[in-house]
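This briefing covers a cavity, the nonpolar cores and the aromatic pairs. Keep the sequence and the model in view while reading.

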Amino acid sequence: MDQNASSETALKAITEGQGGKQDVINKLTEASQSDGDDSTFAQLLKNPFFTAGFGLAALGTAARYGTLGLRRGGELLRRRLLVDLEITRHDESYPWVLNWMTAHYQQQLAPVNAGKGVGMMEYMVHRLTPGLHHLQMKTAVSKTASGSEQTAFALVPGHGKHVLRYRNAFILVNRERIGKSFDVNGQPFETISLTTLYSYRHIFEDIFREAHEMAVQSTEGKTVIYTSRNMSWEQSGQPKRRRPFDSVVLEEGLSNKILGDVREFLDARTWYLDRGIPYRRGYLLHGPPGTGKTSFVQALAGTLDFNIAMLSLSQRGLTDDLLNHLLLNIPARTIVLLEDADAAFSNRRQSDGDGYSGANVTYSGLLNALDGVASAEERIIFMTTNHIDRLDDALIRPGRVDMTVHLGNATEWQMEKLWDRFYGQQDLDGDGKRRFIARAREVGLVDSVSTAALQGLFLYNKDDTEGAIAMVGELAKGVQAQRRLGNERESVEQ
């Protein structure tokens, strides 16, 4: 007898009044005993509290924790089998990896034919490798020697997920932009994540080694020019071809004197450190405009295999704190070129049409950045100025400026060297050079014209020695007119 039958019998007996009181109790007891024979799950389903929702909530909780356990188990398995490497945009290797991915992608596009030194399995793997499917266009504009522009287009990995095959390992690459925020340089926050099997984790070192070698090869034989942008140094344009050291003609023996001093400083690092002397060297190049101050620094950097970080003290927005920050974070093997050193001493009360009152770098700020407590070491600084008389003696003392060099107008020796560089192949017997120097003496051009103006004369008369000699008089008149204009301007300023 099941539960329903027993209960109905007991209720019927009570309703019809059959039997005594004891009989009714016995029938209810039998019905209760028959209920205990049912399964627990059936009893739960018939329980009104369970079916009201409490039991379903318990089952949902159990399912949720079961799913969470599976997810945690999957993450644990992933950590055991895979390895991740993250590179942020602020890391120096970020552009290296992007360029390496581009070059690797171009290699994957190269056709591979089975049977020509390539096995069938490798051929099939090459065909089935997914490659890059999210690309960006990178445009580079460069100028040729004739002045025309050349535009080159290249595809670089875009944002999204990519799959690369490097040797025998497959790498999942995820380039992701984090939010819509930008740093102080206007660059968005981005990361590149590389994921591969844990057993292939050693290939990351090989990838970075290849990426670094590619970066070095791109600047080999060239000079990188850095300029300040907001709070950091950034590469300005494409690396420039190294300028030959003898292309800048200074006074006799002066170029080699500066070069020898710089090399002696580079070899004396231990000597400085053993004696507790700050390991830094400062040079001041002063003289009229066009005498080769900036050009010489560029030629010197090329000879030493250094780069150049250019900074003008008259730059708008440059403050004492920013100057000190930039000098503390100079790229490795880089010469710092501080132009217009006298700008920190100029009259800041003079305002232009926009209300700008000159440079924001103060005299004390410049001194502290060069030789203060928080100033950087292991650096070479070249300062240039056209007005050394505006500089204070405290700036020129050793420790801040260790060598002061005057670059004046072209001497007779410099004129001869420049003539040989431009017309050495045409004027083999030297007759044109002698007539040119004689004419320059006659019109008073010696020691009165800059090497830049003299070079401009030679450039205008390419391979034409007679034309260069004929224009000496005109060049002398232009120099005299420019000198008068400069004298009038100085008298007005005074």
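The lining of the largest cavity has five charged, two polar and two nonpolar residues. The model is predicted. The points below start with that cavity, then turn to the cores and the rings.

**Cavity**

- The structure holds one cavity of 30 Å³ or more.
- The largest cavity has about 60 Å³ of space.
- Its lining consists of Arg280, Arg281, Gly282, Leu370, Arg379, Ile381, Gly399, Arg400 and Asp402.
- At least two lining residues come from each of β11 and β14 (379-385).
- With three residues, β11 gives the most to this lining.

**Nonpolar cores**

- The largest nonpolar core has 29 residues. Those that touch the most other members are Ile258, Val262, Leu285, Phe296, Leu300 and Phe382.
- Two or more residues of this core come from each of α8, β11, α10 (293-304), β13 (334-339), β14 and β15 (403-406).
- The largest share is that of α10, with six residues.
- Another core, of 26 residues, lies apart from the largest one. Among its members are Tyr226, Ile381, Leu395 and Val401.

**Aromatic pairs**

- The count of aromatic pairs is 14.
- Phe265 and Tyr279 form a stacked pair, with 4.4 Å centre to centre and 20° between the planes.
- Phe265 lies in helix α8 (residues 254-266), and Tyr279 in the loop between α9 (269-274) and β11 (280-286), so this pair ties together parts 14 residues apart in sequence.
- Are Phe265 and Tyr279 buried or exposed? Both are buried.
- Phe436 and Phe458 form a tilted pair, because their planes stand at 55°, with ring centres 5.4 Å apart.
- This pair links distant parts of the chain, 22 residues apart: Phe436 is in helix α15 (residues 431-442) and Phe458 in helix α16 (residues 451-460).
- Phe436 and Phe458 are both buried.
- Phe436 and Phe458 also belong to a cluster joined by ring pairs, together with Trp419, Phe422 and Tyr423.

Methods:
Residues numbered from 1 in each chain as written. Predicted model: local features only at pLDDT ≥ 70, side-chain atom pairs only at ≥ 80, totals over all residues. Heavy atoms only, no water. Phe/Tyr/Trp six-rings, centres within 6.5 Å; stacked < 30°, edge-to-face > 60°. Helix = DSSP H or I, 4+ residues; strand = E, 2+ residues; numbered from the N terminus. Buried < 20%, exposed > 50% of the residue type's maximum accessible area, 1.4 Å probe, protein only. 1 Å grid on protein atoms, 1.4 Å probe; cavity = no way out; pocket = protein on both sides within 12 Å on 5 of 7 lines; lining within 4 Å. Points joined across faces, edges and corners; volume = space filled by probe spheres on them. Nonpolar A, V, L, I, M, F, W, Y, C, P; charged D, E, K, R; others polar. Core = buried A, V, L, I, M, F, W, Y, C linked by side-chain atoms within 4.5 Å.
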